[in-house]
Amino acid sequence: MGSKYTKRYTEEFKRDAIALVGSSGKTVTAVARELGISSESLRGWYRKAKADRGEGAPGELTSAEREELKRLRKEVREQQQTIEILKKATAFFVKENDR
């Protein structure tokens, strides 16, 4: 859980930091220390960038795939709510029709 004072970094800064890890030959921890950022943040950005390039671990999702999965899960949730409403409406109208 992050603090409400978590520092936000621009996409450009993240890209530059990731490129520095790839081109410098230094470890993620060393580059993070030089830039004054958390090594865990840089490690996460680097891992995500590798996955987006298709170089991630087997089964690891790209950013586009994660976004699509998020969108599809939201859509499923909304459809499940619609189905529940329709079931309740059907039950209501069946009772009304029996009167």
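Contact here means heavy atoms within 4.5 Å, and the model shown in these views is predicted.

**View 1. Helix H2 against helix H3.** Under that criterion, Val28, Thr29, Val31 and Ala32 of H2 meet Ser39, Leu42, Arg43 and Tyr46 of H3. By class, this contact of H2 with H3 comprises 5 nonpolar, 2 polar and 1 charged residues. The axes of the two helices lie 8 Å apart, and H2 and H3 pack at an angle of about 120°. H2 is therefore oblique to H3. The crossing of H2 and H3 is right-handed.

**View 2. Helix H1 against helix H2.** H2 spans residues 28-35, and its axis and that of H1 come within 10 Å, crossing at roughly 135°. H1 and H2 are therefore oblique to each other. H1 passes H2 in a right-handed crossing. From H1, the contact is made by Phe13, Ala17, Leu20, Val21 and Ser24, and from H2 by Val28, Val31 and Leu35. The contact of H1 with H2 has 7 nonpolar residues, 1 polar residue and no charged residues.

**View 3. Helix H1 against helix H3.** The axes of H1 and H3 are 10 Å apart, and the helices pack at an angle of about 85°. Angles of 65 to 115 degrees count as roughly perpendicular, so H1 is roughly perpendicular to H3. On the H1 side, Phe13, Lys14, Ala17, Ile18, Val21 and Gly22 form the contact, while H3 contributes Leu42, Trp45, Tyr46 and Ala49. The residues of the contact of H1 with H3 divide into 8 nonpolar, 1 polar and 1 charged. Phe13, Ala17 and Val21 of H1 are also among the residues in contact with H2. Leu42 and Tyr46 of H3 likewise take part in the contact with H2.

**View 4. The largest pocket.** About 250 Å³ of space lies in the largest pocket. The elements that give two or more residues to its lining are helix H1 (11-24) and helix H3 (39-52). H3 provides the largest share of this lining, 5 residues. The lining consists of Glu11, Lys14, Arg15, Ile18, Gly44, Trp45, Lys48, Ala49, Asp52 and Ser63. By class, the lining residues of the largest pocket divide into 3 nonpolar, 2 polar and 5 charged. Lys14, Ile18, Trp45 and Ala49, which line the pocket, are also among the residues in the contact of H1 with H3.

Methods: Residues are numbered from 1 along each chain as its sequence is written. This is a predicted model: local features need pLDDT of at least 70, side-chain atom pairs count only at pLDDT 80 or more; totals for chains, interfaces and linings use all residues. Side-chain values use heavy atoms; hydrogens and water are left out. On a 1 Å grid over the protein atoms alone, a cavity is a set of points where a 1.4 Å probe fits but cannot get out, and a pocket is an open set with protein on both sides within 12 Å along at least five of seven lines; lining residues have an atom within 4 Å of a point. Grid points are joined across faces, edges and corners, and a volume is the space filled by probe spheres set on the points. Helices (H or I, at least four residues) and strands (E, at least two) are DSSP runs, numbered from the N terminus. Ala, Val, Leu, Ile, Met, Phe, Trp, Tyr, Cys and Pro count as nonpolar, Asp, Glu, Lys and Arg as charged, and the others, Gly among them, as polar. Axes are lines fitted to C-alpha atoms, for helices over the stretch in contact, and angles run from 0 to 180 degrees between N-to-C directions. Angles under 35 degrees count as roughly parallel, over 145 as roughly antiparallel, 65 to 115 as roughly perpendicular and the rest as oblique. A crossing is left-handed if the near helix is turned anticlockwise from the far one by less than a right angle, and right-handed if clockwise.
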